[in-house]
Amino acid sequence: MPTTIYDVARRAEVSAATVSRVLNGNPNVDPDMVARVLKAIRELGYRPNAVARNLRRSRTTLWAVIVSDVGNPFFTTLVRGVEDVAQQAGFSVVLCNTDENPAKEETYVAAALSQQMAGVIISTSGSTKAAKSLAGSPTPVVAIDRELAGAGVDMVVVDNAGGAEAATRHLAAAGFARIACITGPAGVSTAEQRLAGYLAGVKATGREPIVLRSTFREQGGFDAMSALLDAPDRPDAVFVANNLMAVGAMRCLVRRRIAVPEEMGLVGFDELPWADLIRPSLTTVGQPAYELGRTAARLLADRIQSPASEPARIVLPTQLNVRQSSTR
């Protein structure tokens, strides 16, 4: 005979109703009970009847997690935080990578809504059409890392402006005179907020702003740094508003044989796993990627249970990790 929900309840020493709440992703179940139920499910090999459950609920038990670049270590860590909470709440995660392409983002959003997924967590690439689709849908949505303008949904972001200003002030305090900023595309909230923080920092320290925009990719950082080095009055320090762009900027400096930090100070935004292993080690503005994912997942689970509550906006702090690349 196939294993039933009652077999799971007996093994976990809970009621069948508790097992049902765990399977349906109710966030109000005691974590110890959730762990016991999930352990019993694994031990017994229980498989709920997904078809019947979806007919009852009119939705799947899947969350779509839509990120702009799965190759970026920041998003890898972020998704792990989402997945850990989702599994505990009884949901599975479908990962969608947009490659910073609004058209791909629109396709994934349309698929998530048509498949009646239980919820969507999205780090947008900037598609207005996707934002409108999500805003007009009954599907619970949480925007993560990047704000979803005008959508009226739950958001989890970091203090981008504060982190960028701290990085810029640090470079000024270290004695750098001409501090440039390489930021991302116009209209992307992280690019705009980090630029705003940089501008506040240069203004506060009496320096002139030098700004280049590029793509949030390694090649974008390389190309922007190359342009700065070719300028008639090149900077002696750069704040780079994304980790992959920072890698590209470093690659350019190595190729051009520019000594860091003696000839060029460098600070990147986003921690990198090897930032303290290279020489010179890289100063970064670290953000809590795993906690971003966990917080967004908890918000989504709560939103599924309470769809009528007011949208929340949670801002997590950043941390300046000072290393050799910015210290003369």
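**View 1. The exposed face of helix H7 in this predicted model**. Let's start on the outside: Thr128, Lys129 and Lys132 are exposed residues, and they sit on the face of H7 that is turned away from its buried side.

**View 2. The buried side of helix H7**. Why do they lie on the same side of H7? They do so because the arc they cover around the axis is only 100°. What covers the buried residues of H7? The cover includes helix H6 (102-114), along with strands S3 (119-122) and S4 (141-144).

**View 3. The start of helix H7**. Look for Ser127: one of its side-chain oxygens comes within 3.4 Å of the backbone nitrogen of Lys129.

**View 4. The largest nonpolar core**. This core has 43 residues, and Met225, Val238 and Phe239 have the most contacts inside it. Several elements give two or more residues to it, including helices H8 (160-173), H9 (189-204) and H10 (218-230), as well as strands S6 (179-183) and S8 (237-240). Which helix gives the most to this core? That is H11, with seven residues.

**View 5. Met225 and its contacts**. Leaving aside residues up to four places away in sequence, Met225 touches Ile182, Val238, Ala249, Cys252, Leu253 and Leu266.

**View 6. A second, separate core**. There is one more core to explore, made of 26 residues; among them are Val79, Val156, Leu292 and Ala297.

Methods
Residues are numbered from 1 along each chain as its sequence is written. This is a predicted model: local features need pLDDT of at least 70, side-chain atom pairs count only at pLDDT 80 or more; totals for chains, interfaces and linings use all residues. Side-chain values use heavy atoms; hydrogens and water are left out. Buried means under 20% relative accessible area, exposed over 50%, partly exposed in between (1.4 Å probe, protein chains only). Helices (H or I, at least four residues) and strands (E, at least two) are DSSP runs, numbered from the N terminus. The arc is that of the directions from the helix axis to the C-beta atoms. Contact means heavy atoms within 4.5 Å. A polar contact is a pair of N or O atoms within 3.5 Å; within protein, one must be able to donate a hydrogen and the other to accept it, and residues adjacent in sequence count only if both atoms are side-chain atoms. A nonpolar core is a set of buried Ala, Val, Leu, Ile, Met, Phe, Trp, Tyr and Cys residues joined through side-chain atoms within 4.5 Å.
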